[in-house]
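Here is a short tour of one protein model for a reader meeting it for the first time. Look at the structure, then follow the sections below.

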Amino acid sequence: PLNPVLLSWTNEQNITFKITYSIDDEYMFSIKQEIINNSNEAIDVFPYRLIKRINTPDTINFFILHEGLISLLDNKLLEKKYDDLLDDCSSTSNIKKLFCDQKSTGGWLGFTDKYWMATLIPDQEKTINANFRHGNNGRDNFRVGYVGEIMDIPSNSINSYYGRLFAGAKNLNILSEYKNNQVPKFTDAIDWGWFSFLTKPISYAINWFYGYVGNFGLAIIAFTILMRLIL
């Protein structure tokens, strides 16, 4: 990780709020929030993190490529288009679909484009209440966020909360590295299509060849030769 950035503020009750950001080479942000309660009373707080997308982006709308909301909550992958959020999770609607509000231990949630993704990754040991919303205050906005558990912080004590934010490329090697670092099923952020039982191992194989030859064209040729030998 590169040099962290620390932001700090103390209010009139002598409660200090600190937040530390650090980032690695692949645009994974590690975020630590710390509350130092030097007031005379106990306080109750809860973490809240949010990604907002303003305006509806142009999407390809191709059936083998998902663009929009993506999440892994309660170990279940969810993919919803922007139109689904508009129809089913409108802030002005009294009746919302069940997927708009979910409870999970750990997981991740965010928005995905063709090549890039912005994803909130809470502490995998903590319970969260996730919510997905659409609003319109003159222009469409789409939101994914979560609320963590309420934390009681007695007087003259400290409490911390950790989480991550990924804002980078949906590269198989990158996502695999984070998957091995306690981000469950992170490679499923790539849309493998209906034939994932074929596309996923083929992709891993081509990436393996690429690691040796340094060129995707040659990697595909090498993989094709291997398949012909096998068949």
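Predicted model: local features only at pLDDT ≥ 70, side-chain atom pairs only at ≥ 80, totals over all residues.

Strand 8 and strand 11 run antiparallel, joined by five bridges. Here Lys103 faces a residue of strand 11: Asn129 stands opposite.

## The protein as a whole

The protein has 231 residues, and 39% of them count as buried. Its secondary structure comes to four helices and 14 strands. The C-alpha trace spans about 75 × 45 × 30 Å along its principal axes.

How do contacts reach along the sequence? Take those between residues at least 6 apart in sequence: 58% of them join residues at least 24 apart.

Leaving aside neighbours within four places in sequence, Leu6 is in contact with Lys18, Ile19 and Thr20. Ile31 is 25 residues from Leu6 along the chain, and the two C-alpha atoms are separated by 10.0 Å.

## Two nonpolar cores

The largest nonpolar core holds 25 residues. Which members touch the most others? They are Leu69, Leu85, Phe99, Leu109, Phe111 and Phe132. A second, separate core has 16 residues, including Met28, Met117, Ile121 and Phe186.

The charged end of Lys80 sits over the ring of Phe99, 4.6 Å from its centre.

Is Asp88 buried or exposed? Asp88 is buried, because its relative accessible area is 15%, under the 20% limit. Not counting residues up to four places away in sequence, Asp88 touches Ile95, Lys96, Lys97, Phe99 and Cys100.

## Strand 10 and its partners

Strand 10 (residues 116-122) is mostly covered, with five of its seven residues buried. Which strands pair with it? Strand 9 is one: four bridges join it to strand 10, and the two run antiparallel. A hairpin of three residues links strand 9 to strand 10. Within this pairing, Leu109 has Leu120 of strand 10 as its bridge partner. Leu109 was named above as a member of the largest nonpolar core.

Strand 14 (residues 157-169) also pairs with strand 10. This pairing is antiparallel and runs over seven bridges. Gly163 in strand 14 stands opposite Pro122.

## Aromatic rings

A pair of aromatic rings is described by the distance of the centres and the angle of the planes. The count here comes to 10 aromatic pairs. Trp208 and Phe209 form one that is edge-to-face. Their centres are 5.2 Å apart, with 75° between the planes. Phe209 counts as buried, at 15% relative accessibility.

Why is the pair of Tyr210 and Phe216 called stacked? Their ring centres lie 4.1 Å apart and their planes are at 10°, so the pair is stacked; the limit for that is under 30 degrees. Tyr210 is partly exposed at 30% relative accessibility. Phe216 is partly exposed too, with a relative accessible area of 41%.

Ring pairs also build a cluster. Trp108, Phe166, Tyr178 and Phe186 are linked in this way. Phe186 is also part of the second core.

Note on methods:
Residues numbered from 1 in each chain as written. Heavy atoms only, no water. Contact = heavy atoms within 4.5 Å. Buried < 20%, exposed > 50% of the residue type's maximum accessible area, 1.4 Å probe, protein only. Core = buried A, V, L, I, M, F, W, Y, C linked by side-chain atoms within 4.5 Å. Pairing = 2+ DSSP bridges. Phe/Tyr/Trp six-rings, centres within 6.5 Å; stacked < 30°, edge-to-face > 60°. Lys NZ or Arg CZ within 6 Å of the ring centre and 35° of its normal.
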